[in-house]
Amino acid sequence: KEIGDGMAQIYVTEFSEQELKDLVVFYKSPLGQKLLASEPRAIQASMAYMNQWAQGFAEVINGQFRAEMRKRGKEI
């Protein structure tokens, strides 16, 4: 109950009463239900993609950094 009350206070500061009612209607709709079911997977896939991209980018930057340091006579 305490967590629910705290979360309710947070949402009240961000949304009007009508907006909260509209959100309830949306989340009860077929699209809202699909969003609730699919969003965790979409977020997880997005995070995996971003991590993969960041790793590739880091490898490129590290390679360029090492090449530049070799040009300057510094082996890493």
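Glutamate 68 and lysine 71 join their side chains in a salt bridge, 3.6 Å from N to O (a salt bridge being a Lys or Arg side-chain nitrogen within 4 Å of an Asp or Glu carboxyl oxygen). This is a predicted model, so to speak: local features need pLDDT of at least 70 and side-chain atom pairs 80 or more, while totals for chains, interfaces and linings use all residues. Residues are numbered from 1 along each chain as its sequence is written, and side-chain values use heavy atoms, without hydrogens or water.

**Salt bridges**

- The count comes to four salt bridges.
- Glu68 and Lys71 sit three residues apart in helix H3, so about one helical turn separates them.
- Glu68, Lys71 and Arg72 are linked in a salt-bridge network.
- At 67% relative accessible area lysine 71 is exposed, while glutamate 68, at 30%, is partly exposed (buried is under 20%, exposed over 50%, partly exposed in between, with a 1.4 Å probe and protein chains only).
- Lysine 21 pairs with glutamate 17, their closest N and O atoms being 3.4 Å apart.
- Those two, lysine 21 and glutamate 17, are four residues apart in helix H2 (residues 17–28), so again about one helical turn lies between them.
- Aspartate 5 and lysine 1 make another bridge, at 2.9 Å from N to O.

**Helix H3**

- Helix H3 covers residues 30–71, and its 42 residues should span 62 Å at 1.5 Å a residue; the end C-alpha atoms are 60 Å apart, so the two agree.
- Helices here are DSSP runs of H or I, at least four residues, numbered from the N terminus, and the expected span is 1.5 Å times one less than the number of residues.
- H3 bends by about 45° at serine 38, with proline 40 following within four residues (the bend is the angle between axes fitted to the seven residues ending there and the seven starting there).
- After H3 comes glycine 73, with a positive phi near 80°.

**Aromatic pairs**

- There are three aromatic pairs, counted when ring centres of Phe, Tyr or Trp (its six-membered ring) lie within 6.5 Å; planes under 30 degrees apart are stacked, over 60 edge-to-face, and the rest tilted.
- Tyrosine 11 and phenylalanine 15 have ring centres 5.9 Å apart and planes at 15°, so they are stacked.
- Phenylalanine 26 and tyrosine 27 form an edge-to-face pair, 5.1 Å centre to centre with 70° between the planes.
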